[in-house]
Amino acid sequence: MNQGPLNKAGERRPDWAALVIAAVLVAISGVIFFDAARLREVSGYSPVGPGTVPMAIAVVLLLLAVWTVIAAFRGDFPEREKQEVQPVAWVIGGLAAQMLLLNTAGFSIATGVLFAATAAGFGKRKVWISLPVGIVLCLVVWLIFAGLLQLSLPAGPLERLFQ
Amino acid sequence: MSTFEFLLQGLVIAAQPMNLFYALIGVTLGTAVGVLPGIGPALTVALLLPVTYQLDPAGSLIMFAGIYYGGMYGGSTTSILLNTPGESASIVTALEGNKMARAGRGGPALATAAIGSFVAGLLATIGLAFIAPFIVKLALVFGPREYFALMVLAFVTVSSAFGDSTLRGLTALFIGLALSTIGIDQLTGQTRLAFGVPDLLDGIEVTTLAVAMFAIGETLFIAAQGVKGPDKVEAVKGSVWMNRADWARSWKPWLRGTVIGFPIGAMPAGGAEIGTFLSYAAEKRLSKHPEEFGHGAIEGVAGPEAANNASAAGTLVPLLTLGLPTTATAAIMLAGFQQYGLQPGPLLFATNPQLVWGLIASLLIANFMLLVLNLPLIGLWVRLLTIPKPWLYAGILLFATLGTIGANPSVFELGMLLAFGILGYVMRVFGYPIAPVVVGLILGPLAEQQLRRALAISQGDFSVLFTSPIAAGLLIVAALALIVPLILRARGRGEVLSQMAANED
């Protein structure tokens with residue numbers, strides 16, 4: 001996914017990924033500046049208000065962004081290992097699916113999908129086995145945590161059978 | 001009342017049947033989760049925090065203390081048998097312990113680690129009980145500016161003094177600090193950085209952030225390495241009991257490890273790792289068998305493991321007496337206190353002595369339970385190590401999301417969990433440390449509060465921060481802790497510091 005630093009044989013080429021990080025830091029800093037400026041208008045009379053500390057954080061983030069740019073050009077970032085995209089996509093997909101399914105399908109089905117997707121990300125691609133296993137496991141967890149420990153875990157069609 | 005009476009009173013509270021039961025559940029869960037590869041004490045505590053939601057404060061904190069100590073014990077088992085330390089503090093244990101396990105001496109390695117942890121935990125917890133009242137007295141003279149200076153020192157040591165880059169440590173810290181300003185300002189009630197999203201008004205939950213960055217970030221990172229062959233688990237051959245020679249070679253390292261580890265943990269500087277490295281170096285120098293080091297010397301397991309547990313108990317000193325978390329684990333424990341509206345610090349000792357002393361006493365009891373759980377039942381925990389990776393990580397994510405859903409079953413909260421998980425993954429890829437983000441998030445609002453109080457007293461005059469001798473001294477130490485490592489790294493002597501990197505706790 002990410003290219004390692006390209007400074008082989010003494011060549012000094014910028015580490016583009018690190019430059020992206022610096023840009024993100026600048027963006028975060030900008031958002032905080034924007035918000036802190038609004039706060040300064042709201043409570044203008046006091047020298048130290050709710051905007052003071054965010055403003056200081058924004059300034060430091062800006063300085064860190066500059067430092068990151070320098071580090072990017074000097075190739076100071078550590079060598080990165082090759083990252084496999086597909087397993088990461090499985091896990092993120094599973095988490096996203098759980099998030100979207102949670103309130104309609106209930107805890108067990110949504111989290112069962114996450115379980116199967118994570119297992120798939122780690123090489124167990126037999127979804128017809130891992131999905132039922134995951135759903136049953138999550139149902140057991142639901143019965144323990146929602147039933148005995150009274151955590152409020154969303155119920156779906158499966159959970160209602162036990163209520 | 002004297003410390004001794006307080007402690008006795010605490011023991012009475014901790015010995016109530018229900019509290020004993022909570023402690024037992026805590027140590028069992030803590031060991032079970034802590035033994036899983038890739039899960040250190042910080043994540044163990046974050047994952048199991050939701051389990052305690054429905055209990056009363058005393059029961060919950062007692063269970064929590066058990067989880068904390070249990071996670072520490074479990075971690076050493078993993079590093080001895082698997083050579084993939086679940087926590088950076090166990091790296092040294094893996095160095096010699098795994099060699100011993102390969103040579104068929106896994107049993108004595110586990111035993112010396114467990115008994116060493118017990119001895120260190122016992123002495124350090126007693127040390128905690130006796131030192132805490134003095135620090136509480138000292139803390140009473142602390143005003144807002146002294147607290148602020150203390151927190152600045154903690155920020156510096158957690159983020160940049162150790163680890164391999166000042167830049168990346170500070171960046172991680174300031175991301176945490178930026179996240180900590182989201183929500184309603186405590187002093188004026190103004191909304192900051194919420195942009196009209198009602199879910200953000202209460203700020204970002206420490207547990208959501210910690211679980212996302214440690215559990216989901218780590219899972220994504222491991223997944224991204226691709227499918228590799230399973231790690232080799234060393235079988236425990238022969239007896240778990242140590243022979244006479246093992247005892248003779250272990251008891252001094254246990255005591256030395258405790259003496260090295262406890263003060264390091266108790267300082268508001270953070271990092272259980274430093275103590276383990278120092279202890280390892282000391283044992284190597286003092287050993288009569290230096291040639292065995294690197295090939296499975298029992299002293300190299302006994303000393304660092306004792307140092308590790310002693311400094312874990314030591315971190316409770318600043319946490320309980322000053323409300324100052326110096327590790328990610330302590331930061332999450334502070335979040336555990338805050339869910340009951342309790343703020344650890346000198347006041348808690350005055351207003352809620354039963355709770356504090358009950359907690360300290362239950363640490364002693366948890367320590368005894370862990371010795372029993374870890375020696376005869378070691379085979380049970382070893383079996384947990386053989387869970388195949390797909391099921392292990394699927395299960396970790398199941399429980400990681402369970403905690404968040406149980407605390408707040410909203411799509412938004414799960415979205416934050418996913419977003420911070422991805423952030424944690426990206427930070428791992430680029431070599432950013434994770435702990436400073438968590439410490440920044442929880443300590444940020446406290447530091448801001450103290451700073452603004454100090455400035456309100458001085459009517460906006462910043463020089464007030466440097467005019468108290470204690471505050472000025474602490475700030476000078478903080479500045480040194482920031483600058484000296486920078487110079488060391490610039491001169492190419494950074495390896496020692498990066499070895500001490502505080503990745504997990």
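Predicted model: local features only at pLDDT ≥ 70, side-chain atom pairs only at ≥ 80, totals over all residues.
**Chain B overall**

I looked up the secondary structure of chain B and found 22 helices and two strands. I then checked the radius of gyration, which is 22 Å against the 23 Å that the globule rule gives for 505 residues, so chain B is as compact as a globular protein of that length. Along the principal axes, its C-alpha atoms fill a box of roughly 70 × 55 × 50 Å. I noted that 61% of the 505 residues in chain B are buried. Of the contacts in chain B with a separation of 6 or more, 81% join residues 24 or more positions apart.

**Helices α6 and α12 of chain B**

I took α6(B), residues 106–140, and α12(B), residues 299–314, as a pair. Their axes lie 7 Å apart, at an angle of about 30 degrees. The crossing is right-handed. On the α6(B) side I listed residues including B:Ala109, B:Ala113, B:Gly116 and B:Ala120. They meet a set in α12(B) that includes B:Ala302, B:Glu305, B:Ala306 and B:Ala310. By class, this contact has eleven nonpolar, seven polar and one charged residues.

**Contact between chains A and B**

I counted 58 residues from chain A and 50 residues from chain B in the contact. On the chain A side, the elements giving two or more residues are α1 (16–42), α2 (52–74), α3 (85–105), α4 (107–121) and α5 (127–148). I sorted the chain A side by class and got 39 nonpolar, 14 polar and five charged residues.

Key:
Residues numbered from 1 in each chain as written. Chains lettered and ligands numbered in written order. Contact = placed C-beta atoms within 7 Å. Helix = DSSP H or I, 4+ residues; strand = E, 2+ residues; numbered from the N terminus. Nonpolar A, V, L, I, M, F, W, Y, C, P; charged D, E, K, R; others polar. Axes fitted to C-alpha atoms, helices over the stretch in contact; angles between N-to-C directions. Left-handed = near helix turned anticlockwise from the far one by under 90°. Rg over C-alpha atoms; globule rule 2.2 N^0.38 Å. Buried ≥ 20, exposed ≤ 12 C-beta atoms within 10 Å, placed from the backbone.
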